[in-house]
Each structure stands twice: as C-alpha cells, then as structure tokens.
Amino acid sequence: KIDTTYGKKVTIAKLNIDENPKVVSWLDIRSVPTILFYDGNSSAPTSIVGGSTADAIATQFRLKELAG
C-alpha cells in the first residue's frame, strides 16, 4: 500500500538480511522487521521496529506531507 500510494515520492527497497550481513551491521539493525526512513535532510534515519500498518508507517514518516 505504501508503494502504491507514495511510490512516486519515495523509494522503497527491501534487504535480505541473510545475504547482506555487512549492511545489517552497518545500519545497526538488531530486530526484524525494521523499517528505516531517510528524509534527505538528515543522515540519521527515522525507524520503526516490528510490524506496523501502512497508515502507522505513513504517519510516523510524515509521508502525507511529502505527497502533498
């Protein structure tokens, strides 16, 4: 749903943690699922750890503001 609604404003990528352990370490991912959001204005991402709904993700990362 996030990709369908905001896909033109954000880039969504998926990472296989088993195939990319160096990236997992570099991003300091300690739990799965982890969602990281980089807003372009900061080098530190906003994150959500654990399952979440599309609406909660959109609210946490202020995606509605980006789409406006």
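A residue is called buried when its relative accessible area is under 20%, exposed when it is over 50%, and partly exposed in between, using a 1.4 Å probe and protein chains only. The model is predicted, so local features need pLDDT of at least 70 and side-chain atom pairs count only at pLDDT 80 or more, while totals for chains, interfaces and linings use all residues. Residues are numbered from 1 along each chain as its sequence is written, and side-chain values use heavy atoms, with hydrogens and water left out.

**Stop 1: the ring pair**

Select Phe-37. With a relative accessible area of 14%, Phe-37 is buried. Next select Phe-61, which is buried too, at 5%. A search of the whole structure finds 1 aromatic pair. Phe-37 and Phe-61 form this stacked pair, at 5.0 Å centre to centre with 15 degrees between the planes. Rings of Phe, Tyr and Trp (its six-membered ring) pair if their centres lie within 6.5 Å; planes under 30 degrees apart count as stacked, over 60 as edge-to-face and the rest as tilted.

Now colour by helix and strand (DSSP runs numbered from the N terminus: helices are H or I, at least four residues; strands are E, at least two). Phe-37 lies in strand 1 and Phe-61 in the loop between helix 3 (54-60) and helix 4, so the pair ties together parts 24 residues apart in sequence.

**Stop 2: strand 1 and its neighbours**

Select strand 1 (34-37), helix 2 (21-27) and helix 4 (63-67): each supplies at least two residues of the lining of the largest pocket. Strand 1 gives the largest share, 4 residues.
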